[in-house]
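Please look over the structure shown below before reading on. The paragraphs that follow lead through it step by step.

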Amino acid sequence: EMFTYAVLENGSRTPTHCTRLLDWYKDVFPAIIPKDPAEAAACYALIMKCITAFWRLSGLRMQITTQAMIVREILPVQAAIDHLFLACSMDEDSHTDSLSCWQLVENVLEQGMREARLLREELAGATKMGNAERAAALQQQLAELDGKTKQLFV
């Protein structure tokens, strides 16, 4: 919790400062996350709570910071979505506005759709070239991506 707040505080000047700090410390976060899945989930929830509390007056900065952590694989998409749906369900303790929450969900979905489109294009190229092995691998990746996207909202 203290480490997350320290990174947020030092990166609070601009989004560029924040992303630069996240780039520098992206290897530290996995080292402090417990290996036990239940404890890791609690730790990710705490990171999301820190982000939403720190940026409670700026939904856009909350969205940018969360997205930056997801892109750098510091924070799993599932943890961010769970927090937004459970903790930020427009109650008085949410620390953020619902528009920012929905925009973050939309960004996550768009990212998944981009990945799926790229995989489909690559799959079409592999099929056209007659590379059955590569096509099968791409279909497997596409199925995994589809499963992950569905799991986010179950």
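**Aromatic pairs, a helix face and a pocket**

Phe-54 is partly exposed, at a relative accessible area of 22%; buried means under 20% relative accessible area, exposed over 50%, and partly exposed in between, for a 1.4 Å probe and protein chains only. This is a predicted model, in which local features need pLDDT of at least 70, side-chain atom pairs count only at pLDDT 80 or more, and totals for chains, interfaces and linings use all residues. Residues are numbered from 1 along each chain as its sequence is written, and side-chain values use heavy atoms, with hydrogens and water left out.

A pair of aromatic rings is described by the distance of the centres and the angle of the planes. Rings of Phe, Tyr and Trp (its six-membered ring) pair if their centres lie within 6.5 Å; planes under 30 degrees apart count as stacked, over 60 as edge-to-face and the rest as tilted. There are three aromatic pairs in the structure. Helices (H or I, at least four residues) are DSSP runs, numbered from the N terminus. Phe-3 is partly exposed at 25% relative accessibility, and Tyr-25 is partly exposed at 32%. Phe-54 and Trp-55 also form an edge-to-face pair, at 4.9 Å centre to centre and 85° between the planes; Trp-55 is buried, with a relative accessible area of 10%.

Which residues of α1 are buried? They are Thr-4, Val-7 and Leu-8. Seen down the axis of α1, these buried residues fall within an arc of 95°, so they line one face of the helix; the arc is that of the directions from the helix axis to the C-beta atoms. On the other side of α1, Met-2, Glu-9 and Asn-10 are exposed.

The largest pocket holds about 620 Å³ of space. A pocket is an open set of points on a 1 Å grid over the protein atoms alone, where a 1.4 Å probe fits, with protein on both sides within 12 Å along at least five of seven lines; lining residues have an atom within 4 Å of a point. The lining of the largest pocket has 22 residues, and Val-77, Gln-111, Glu-115, Leu-145 and Lys-148 lie nearest its centre. α8 gives the most to this lining, with seven residues.

How values were computed. Points joined across faces, edges and corners; volume = space filled by probe spheres on them. Helix = DSSP H or I, 4+ residues; strand = E, 2+ residues; numbered from the N terminus.
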